[in-house]
Amino acid sequence: MPSISRAEVAHLARLARLAVTEEELDLFAGQLDQIVAAVAQVGQVADQDIPPTSHAVPLTNVFRRDQVRPGLTQRQALASAPAAEDGRFRVPRILGEEA
Amino acid sequence: MTTPELMDYAEVVDRFDPVLGLEVHVELSTATKMFCGCPTAFGGEPNTQVCPTCLGLPGSLPVVNAVAVESAIRIGLALNCEIAEWCRFARKNYFYPDMPKNFQTSQYDEPIAFNGWLDVTLDDGEVVRVEVERAHMEEDTGKSLHVGGATGRIHGAEHSLLDYNRAGVPLIEIVTKTITGTGARAPEVARAYVSTLRDLLKALDVSDVRMDQGSLRCDANVSLMPSGTTVFGTRTETKNVNSLRSVERAVRYEMTRQAAVLASGGSILQETRHFEEASGTTRGGRRKETSEDYRYFPEPDLVPIAPARDWVEELRGTLPEPPAERRRRVQAEWSLTDLELRDLVNAGALDLVAATVAAGAPPADARSWWVSYLAQQANNRGVELTELPITPTQVARVIALVTDGSLTNKLAREVVDGVLADEGDPDQVVATRGLKVVSDDSALTAAVDEALAAQPDVAVKIRDGKHAAAGAIVGAVMKATNGQADAKRVRQLILDRCGA
């Protein structure tokens with residue numbers, strides 16, 4: 001039976017940049033457990049011989065010609081940015097990581 | 001920051017076996033981005049080559065660039081890879097402002113090309129086969145500018161500024177299998193591999209392959225294991241390796257650094273390190289997230305790619321002659337020594353000489369022009385040979401004018417100067433500058449007579465059979481004709497006039 005630990009929830013929360021309280025860790029661990037268990041039922045009818053479905057429509061090779069199409073102006077691109085400077089998006093400093 | 005201990009290189013290779021893995025990212029030279037119609041040109045004003053799709057705005061949907069897929073398949077074929085019959089894109093999830101979508105659209109366990117190899121020739125002629133694990137399609141990230149810290153470094157920066165012109169530019173990531181058994185030559189093998197790959201990509205005409213502009217980038221994975229053992233050590237991945245020379249230096253530096261750590265009983269941290277061009281060292285960066293942390297899953301907004309086999313075969317037919325084979329052929333056809341061939345390749349002149357030969361010039365003349373006079377001009381201007389404003393056809397025409405006696409070598413250089421100064425084709429420059437060789441014998445004879453009359457003592461010597469003395473008269477005639485006479489012809493006329 002699936003079992004999602006508090007530590008796993010905390011790890012996922014960190015990856016998703018979500019602040020989660022101690023109580024929420026327990027709450028979400030239980031809820032995620034139920035979700036995973038529900039999804040796992042698919043395994044009872046679909047065995048190894050049935051490939052997992054990633055796309056609902058049976059299409060392949062949808063391509064675009066390599067032709068430039070007009071996009072946004074700099075002003076339009078930055079219009080909804082919380083902060084901008086010198087024609088660029090301004091973001092808070094990035095901690096503990098090196099580009 | 002403390003300077004890490006380094007082990008002497010000879011001792012490193014005596015005690016350890018290096019294991020390499022090279023990841024090369026190549027930006028394709030398509031007109032538009034991977035998943036939208038924004039232009040990919042380098043150097044535009046920030047955020048002027050963007051649209052809702054590459055900015056990750058809600059409701060936008062990606063559509064795959066057909067030419068990017070075609071280029072990916074051609075690269076795969078040129079690397080002797082198998083081409084997937086069916087493959088998908090995947091989302092690589094991470095939070096970093098260089099990707100506005102908060103994920104990079106990449107490929108995970110289904111690369112478009114896999115299981116290939118590339119033969120790499122080292123300086124002494126030894127050939128090393130580098131196995132290629134995979135080549136997959138993905139998109140480039142935006143560019144960040146860190147403000148407030150020292151020299152654009154992220155450390156101490158107050159905030160960062162993002163330009164998304166590059167976000168979404170098609171990238172092909174080419175990953176080698178682990179390269180073992182190269183010992184002391186590991187750094188050289190790494191450089192030779194990237195160099196060979198660069199030549200191949202250039203011949204395929206799929207990328208600018210400019211390491212200085214970032215259209216070709218190499219990440220070097222290096223680890224060490226004690227000599228004679230077979231269990232790989234912990235690896236580091238060095239980024240920011242922006243030239244062929246840096247590839248070699250970065251690998252060598254990591255080997256000496258890791259060896260010192262291991263020898264002193266320490267362990268290697270699995271991390272991304274940053275190559276410092278100025279000092280030739282690497283510095284620790286971020287801990288690598290594990291592949292699990294990226295939570296890859298199939299991209300729901302893009303349908304799978306299933307390249308038809310006849311399309312793949314059609315693309316195979318468009319592959320150029322492999323650069324190494326082409327060099328061997330050219331060397332034989334043009335009768336070049338190994339050194340001459342290497343100079344030609346290093347000068348980036350092979351294509352130019354080939355085109356000049358194709359335009360009718362003898363190979364020796366074409367080579368001589370490009371690797372000497374024109375190389376000098378390019379050097380003076382601080383540009384690549386290919387950037388000189390003269391075409392192989394124009395060079396071939398100049399050579400033809402020399403061959404048929406219309407120009408001397410000296411005049412030919414003046415004609416080339418004229419072409420480089422944007423004065424038109426060689427024939428126009430000859431006409432406007434009046435540079436034709438004076439081939440009218442009566443005019444030359446008059447000049448010879450005049451010079452002989454001016455230096456009667458020399459004339460006497462020549463009549464006495466001292467042919468060497470004719471040089472002084474040749475000089476005078478050349479001066480009188482502004483250098484536009486054929487010196488050999490002038491000399492013959494002098495001897496004739498003196499009855500010598």
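In this predicted model, the contact between the two chains draws 43 residues from chain B and 33 residues from chain A. On the side of chain B that touches chain A, the elements giving two or more residues are the strands β2, β8, β9 and β14 together with the helix α2, all of chain B, and their residue ranges are tabulated below.

| Element of chain B | Residues |
|---|---|
| β2(B) | 64–65 |
| α2(B) | 66–78 |
| β8(B) | 143–147 |
| β9(B) | 159–163 |
| β14(B) | 281–287 |

The largest share of this side of chain B comes from β9(B), which supplies five residues; by class, the side of chain B that touches chain A has 24 nonpolar, twelve polar and seven charged residues.

Within chain B, helix α8 (residues 350–358) packs with helix α9 (residues 363–381) at an angle of about 140 degrees, their axes lying 9 Å apart. Because angles over 145 degrees count as roughly antiparallel and those from 65 to 115 as roughly perpendicular, α8(B) is therefore classed as oblique to α9(B). The crossing of α8(B) past α9(B) is right-handed. To this contact α8(B) brings Leu352(B), Val353(B), Thr356(B) and Val357(B), while α9(B) brings Pro363(B), Ala366(B), Arg367(B) and Trp370(B); by class, the contact has six nonpolar residues, one polar and one charged.

Key: Residues numbered from 1 in each chain as written. Chains lettered and ligands numbered in written order. Predicted model: local features only at pLDDT ≥ 70, side-chain atom pairs only at ≥ 80, totals over all residues. Axes fitted to C-alpha atoms, helices over the stretch in contact; angles between N-to-C directions. Helix = DSSP H or I, 4+ residues; strand = E, 2+ residues; numbered from the N terminus. Parallel < 35°, antiparallel > 145°, perpendicular 65-115°, else oblique. Left-handed = near helix turned anticlockwise from the far one by under 90°. Contact = placed C-beta atoms within 7 Å. Nonpolar A, V, L, I, M, F, W, Y, C, P; charged D, E, K, R; others polar.
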